[in-house]
Amino acid sequence: MARPDPIELGLRQYDLDVRRKVVIPDLVRRKIAKVVASPLAFLRGSAPLFYDMLAEHPELAEGPAESGHLCGDAHVENFGVYRTAHSKSKGAPVDPDLAAFVFDVNDFDETIVGPWRFDVLRLLASLVLAGREFSASGTQIIGLARTLLGAYVGTAFGAQGIPSPPPPVARLVGKAEKRSAKDILDRRTQVVGNTRRFILGDRYLAFPANLEADARAAFATYVQSAGDDLPKDHCDIVDLAFRVAGTGSLGTLRVAVLARGKGGIEGGWLFDMKEESAAAATPVCAAGEADGATRVLAGMRACLEWPPRMLGKTSLQGTSMLVRRLAPQEDKLDLTRMTKEELSGVAAFLGALLGRAHRRGATSAGTTPWSAAELDAMIDRAVTVAGVHEAAYLAYCKALLSSG
């Protein structure tokens with residue numbers, strides 16, 4: 001198998017980061033600080049590199065033909081807890097089928113219709129790098145990959161259900177369920193006079209005055225187009241800020257909105273308006289005609305049984321924006337909060353969740369599970385991709401040092 005040149009790919013990724021469009025130039029520095037933390041962090045923040053590699057080295061993109069809506073940026077930390085659109089209302093009959101909080105795939109910025117194997121390959125490569133961060137042996141890492149693939153195939157082809165949440169997931173859900181709306185307000189805003197304002201610093205930056213009127217109009221468009229899930233009289237804007245979040249998305253336009261909510265100092269609601277441009281996978285998948293936010297909404301609604309609540313879209317100065325309400329219960333899986341011994345259960349759980357998402361969003365699903373030979377070949381490709389990312393990560397670090 002011909003292997004990509006990691007030095008060339010690492011330098012190209014460096015060029016991509018320093019030349020991309022940014023609203024606040026300092027965000028490039030912040031992104032670089034995040035992706036140089038480890039090879040896994042580098043993979044998380046460089047989805048375009050992954051798909052460029054598949055386009056230039058088609059032998060890495062080979063595999064089973066099933067296709068449908070993808071996550072597009074599948075990796076071990078793009079799963080988490082969020083509040084669903086079907087939360088139980090006070091006083092309503094308890095319906096066990098409607099969950100207030102779920103743990104599932106929670107990042108669809110790069111969603112696109114394409115072969116399932118692309119998501120699986122990226123998730124497997126991230127698992128290999130995660131295993132290395134835990135100092136797992138080579139045999140342990142291959143065992144983890146087989147565990148993930150077995151769970152994935154079982155749910156993608158309908159033979160198995162989702163296993164019980166492993167301890168790290170159960171802890172995360174339990175922690176999230178204890179948070180209140182006041183918790184998120186107190187962490188992200190402060191009381192000034194008789195109202196709240198965003199706390200400016202690492203998480204929020206002052207909002208550009210020349211964008212404020214357009215941002216307010218964009219949010220109003222989202223509110224008017226939203227369904228009954230969004231009470232219109234709760235959405236008067238109290239404050240705006242530029243939101244700093246994510247890794248791959250750092251440098252894009254992201255607007256934090258503090259709305260009146262239920263009223264009073266403790267009743268505010270937080271919203272996120274996030275720029276959605278072309279998916280990273282366009283070098284190897286048909287781009288489609290939908291704007292970015294429409295693409296993301298389609299992927300989430302196709303793949304998730306319980307999508308996040310209050311999802312919508314708008315446009316800000318011609319830029320497609322996904323809008324959603326932020327909830328205190330949101331939290332992503334964090335590998336630093338688990339032990340090496342817990343990786344196997346997590347690998348099985350994530351594989352099963354991705355398989356369920358693919359089955360739900362399928363456009364061309366097969367009826368025969370992937371063969372042992374196909375699974376072995378998938379692991380071989382994942383090991384190569386992980387190795388290239390690790391080498392590209394070092395080339396990236398070297399390029400940064402050389403540039404001063």
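## Surroundings of C303

In this predicted model, C303 touches H69, F108, A357, R360 and G361, leaving aside residues up to four places away in sequence; contact means heavy atoms within 4.5 Å. The C-alpha atoms of C303 and G361 are separated by 4.7 Å, although the two residues are 58 residues apart along the chain. At 3% relative accessibility, C303 counts as buried (under 20% relative accessible area, 1.4 Å probe, protein chains only).

Local features need pLDDT of at least 70, side-chain atom pairs count only at pLDDT 80 or more, and totals for chains, interfaces and linings use all residues of the predicted model. Residues are numbered from 1 along each chain as its sequence is written, and side-chain values use heavy atoms, with hydrogens and water left out.

## Helix 10

C303 is found in helix 10, which comprises residues 292-303; helices are DSSP runs (H or I, at least four residues) numbered from the N terminus, as are strands (E, at least two). Helix 10 reaches 17 Å from its first C-alpha to its last, close to the 16 Å expected at 1.5 Å a residue (1.5 Å times one less than its number of residues).

Because 9 of its 12 residues are buried, helix 10 is largely enclosed by the rest of the structure. Its buried residues, including R295 and M300, pack against strand 1 (67-69), strand 11 (312-316), strand 12 (319-326) and helix 11 (343-360).

## Helix 7

In helix 7 (residues 167-177), the buried residues are P168, V169, L172, V173 and A176. They cover an arc of only 130° around the axis, so they lie on the same side of helix 7; the arc is that of the directions from the helix axis to the C-beta atoms. Their packing partners are strand 2 (79-83), strand 3 (101-105), strand 13 (331-332) and helix 11.

Terms used
Buried < 20%, exposed > 50% of the residue type's maximum accessible area, 1.4 Å probe, protein only.
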